[in-house]
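Colleague: Could you take me through this structure, beginning with the way its parts meet and ending with individual residues?

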Amino acid sequence: MASTRHPTRPPASWLAAAAAAALAVLAAAVAIGPISLPFSDVAAVLVDRLPLVSVDHGVAPVTAAIITEVRLPRVILAGLVGSVLATAGTAFQATFRNPLADPYLLGAAGGAGLGVTVALTETGGSLGTANPGVTMAAFAGALLAVALAYALGSSADGRSGASLILAGVAVAALFAALQTLLLQRDDEAVRDVYAWLLGRLNVAGWDEVRLLAPSAAVAVGAMVGAARRLDLLALGDDEAESLGVNAARLRLGVIGAATLGTAAAVAVSGLIGFVGIIVPHAIRLRAGPSYRRLLPLAAILGVPFLCGADLLARTLLAPAEIPIGVVTAVVGAPFFLALLRANRVGRA
Amino acid sequence: MYATDLRVVAGDATLLGPVALTVGAGDWVNVIGPNGAGKTTLLRALGGLADFAGRVDHHGKPLEALSRRERARGVGFVAQSPTIPAGLTVEQYVLFGRAPYLRPLAAEGPYDFEVVARTLAELGLAGLSEREVQTLSGGERQRAALARALAQEPRLLLLDEPTSALDIGHQQEVLELVDRLRRDIGLTVISTMHDLTLAARYGDHIVMLASGQVVASGPPVQVLTGPHLAAHYGARVDVITHRGQLAVVPIREDGTPSSLSAPQPSPRTKEHRDARTQPR
């Protein structure tokens, strides 16, 4: 008879534990910083911010402002970015049946990089929260690169996705070359561009959160909603089709959602690598290969992962900050290599 | 099932057709042909997995009039070497067969689990339901793939070379199983086959393809003839009857069915006689 536990859906207890972990890390990330704040103050100020609730917390206005205007937006932004990148990485691994796929596979990073470079060199702009033009240029560049890769790669062989990956590699190389060309002509922009590339949660404010949140919600929702069909796609296009899945449309939809989320995340946070590899594979070790388990868990656990990485980035060498892209890479690269070694067996 | 003027075209090349084919409910049809003849292409077109021109009817309804999910409830397909992700258990894998019955975002209900449990029991997999599919033997894995397709509760089962990766014992086991299911639940089976003797033994009707065309079609005795196999496979075979059943036996140029025959000097070529009489 059927087992009491559903074989492919995540048990409610797992989801609850993941959510609790996310909340705990979020709270710690708000409380810890150059000025350490007691959890009780943080909780009181946050509860007071809720609509229709008023708490006489007795926390100094400056301290309250640190919580609500400095730390909270940064922590929430890190959480959103982590969730989007972890989910998009998982979804790309499903779509391309490739365990090493990540959200930047189809050129989103190269596109965003070129967008930022164009914005900073051609328009004389500069980095900072006050420059939404740079953010929009990154967003547009990422979307453009993936659209180009899709248009070039899917016409040749729409079935396997292999030519799509190659087209993504080609587009990324082209955009990187153009970026190098632009930077060579304007070496003053080099520093700004690299600061952006290494991740820039440190300038995050509510504007960035407002920019990312809608795209993140749509993208993560669409990817998690496609989880069951992605499980079928893992069996191969023919078998997925024989089970009623339109493989080409599913692939287009998931790539579209992942790209929307990734482009928005890259635009507000810069390039943060390895999140889309580490989080899904760490979950996979415990939860198995079903995307109905992996995608919702990745969406939740991406939050504490990147919040935690950001916490390390701003506390390890305080008062200096390590770029968050460096933190995730230093943790991520060894993990990635271990994964490669473990993957020698039984993978095409 | 009924197909007429079926063609599959890739760019300027016609991969298949025109093909006409009628398969009765409960029949077993084997599709044979040399490598590259279009066997898998035909199978995929009949299941609606490849774009085709012409017309394919399933139980009186044109294939393109069915939604993907409707089609998936009627037709099960087992690929030649199914891709099975690492870590997936037999139960998880077979449960995927219920997908065509689920609305978007819905979860499997008690009936779905009942079908899976019944299918696993029928195929002798009940004790293996928690095992990872990748750790199973070839025969067990093929049964798991069959179970996944049968969980769709299809009326038509399409098998792409179901025995190509199996030894002869497991080949018989899997084909006997398919035959039993065909009788028990009235399944229609269309299978591509490499082994001609097995193709003759299982199934009522054989379709021989060559270069995308049907070159012979009918009961095994009419299709599996020396001249057909010579013309389309370039094969030198004897088709013999053994215990009332056809067997296709490769022959060497000297006419002996196999090297196990008693070594006799061949009168036909001097080279052969010399080779055989040379001391080892």
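Modeller: What follows is a set of questions and answers on a predicted model.

Colleague: How many residues of chain B and of chain A take part in the contact, and how does the side of chain B that touches chain A divide into nonpolar, polar and charged residues?

Modeller: The contact draws 23 residues from chain A and 29 residues from chain B. On the side of chain B that touches chain A, α2 (68–74), β6 (75–78), α3 (90–95) and α4 (110–122) of chain B each supply at least two residues. By class, the residues of that side of chain B come to 18 nonpolar, 7 polar and 4 charged.

Colleague: What share of the residues in chain B is buried?

Modeller: The secondary structure of chain B consists of 10 helices and 12 strands. Among its contacts between residues at least 6 apart in sequence, 63% join residues at least 24 apart. Of the 280 residues in chain B, the buried share is 41%.

Colleague: Turning to chain A, how does the reach of helix α6 compare with the span expected at 1.5 Å a residue?

Modeller: Helix α6 of chain A covers residues 162–185, which is 24 residues. Several residues of α6(A) are buried, including A:Leu164, A:Ala167, A:Gly168, A:Val171 and A:Phe175. From its first C-alpha to its last, helix α6 of chain A reaches 36 Å, close to the expected 34 Å.

Colleague: Is A:Gly273 buried or exposed?

Modeller: A:Gly273 lies in the loop between α11 (247–269) and α12 (275–287) of chain A. Leaving aside neighbours within four places in sequence, A:Gly273 is in contact with A:Gly325, A:Thr328, A:Ala329 and A:Gly332. Because 22 other C-beta atoms lie within 10 Å of A:Gly273, and the cut-off is 20 or more, A:Gly273 counts as buried.

Colleague: What separates the C-alpha atoms of A:Gly273 and A:Leu144?

Modeller: Along the chain, A:Gly273 and A:Leu144 are 129 residues apart.

Definitions and conventions
Residues numbered from 1 in each chain as written. Chains lettered and ligands numbered in written order. Predicted model: local features only at pLDDT ≥ 70, side-chain atom pairs only at ≥ 80, totals over all residues. Contact = placed C-beta atoms within 7 Å. Helix = DSSP H or I, 4+ residues; strand = E, 2+ residues; numbered from the N terminus. Nonpolar A, V, L, I, M, F, W, Y, C, P; charged D, E, K, R; others polar. Buried ≥ 20, exposed ≤ 12 C-beta atoms within 10 Å, placed from the backbone. Expected span 1.5 Å × (residues − 1).
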